[in-house]
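Welcome! Take a moment to look over the structure below, and then we can walk through some of its contacts together.

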Amino acid sequence: MAFTPLHDRVLVRRVESDEKTKGGLIIPDSAKEKPAEGEIVAVGAGAKDDDGDRIAMDVKAGDKILFGKWSGTEISLDGEELLIMKESDILGIIA
């Protein structure tokens, strides 16, 4: 994939949730919510401050993250559904 986000944006692949509940019930596709968990695929160089210096990104490719339910813009790249979002939309990194 030849795509690099600009500035403080990241490219995220959603991580699919389990299809069963803890009790063993199977959840149909129509009842599933889109997960707010993902893996960072690519990271931009970072935003610039008032002096023109780059602000380093706190995340890197491969990090597992949580993000807001309505965060990002959905795109299709090489047949894969991905999200582009600002670093500030990321709620946290999953250890």
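In this predicted model, aspartate 63 has a relative accessibility of 11%, so aspartate 63 counts as buried, the cut-off being under 20%. Its salt-bridge partner is lysine 60, with the closest N and O atoms 3.0 Å apart. Lysine 60, by contrast, is exposed, at a relative accessible area of 54%.

How many salt bridges does the structure hold? There are 6. Some of them join up: Arg13, Glu39, Lys64 and Glu80 are linked in a network. Within it, the side chains of arginine 13 and glutamate 39 meet at 4.0 Å, N to O. Arginine 13 lies in strand 1 and glutamate 39 in strand 2 (residues 37–43), so this pair ties together parts that are 26 residues apart in sequence. Arginine 13 also meets glutamate 80, at 2.5 Å. That pair links strand 5 with strand 1, 67 residues apart.

| Residue | Relative accessibility | Class |
|---|---|---|
| Arginine 13 | 29% | partly exposed |
| Glutamate 39 | 23% | partly exposed |
| Glutamate 80 | 24% | partly exposed |

The largest nonpolar core has 10 residues, including Val10, Met57 and Phe67. Strand 1 (9–14), strand 3 (64–67) and strand 5 (80–86) each give two or more residues to this core.

Valine 10, in strand 1, is buried at 0% relative accessibility. Among the residues valine 10 touches are Ile40, Met57, Val59, Leu83 and Ile90. Methionine 57 in turn touches several residues, among them His7, Val43 and Glu87.

Notes: Residues are numbered from 1 along each chain as its sequence is written. This is a predicted model: local features need pLDDT of at least 70, side-chain atom pairs count only at pLDDT 80 or more; totals for chains, interfaces and linings use all residues. Side-chain values use heavy atoms; hydrogens and water are left out. A nonpolar core is a set of buried Ala, Val, Leu, Ile, Met, Phe, Trp, Tyr and Cys residues joined through side-chain atoms within 4.5 Å. Buried means under 20% relative accessible area, exposed over 50%, partly exposed in between (1.4 Å probe, protein chains only). Helices (H or I, at least four residues) and strands (E, at least two) are DSSP runs, numbered from the N terminus. Contact means heavy atoms within 4.5 Å. Lists of a residue's contacts leave out its neighbours within four places in sequence.
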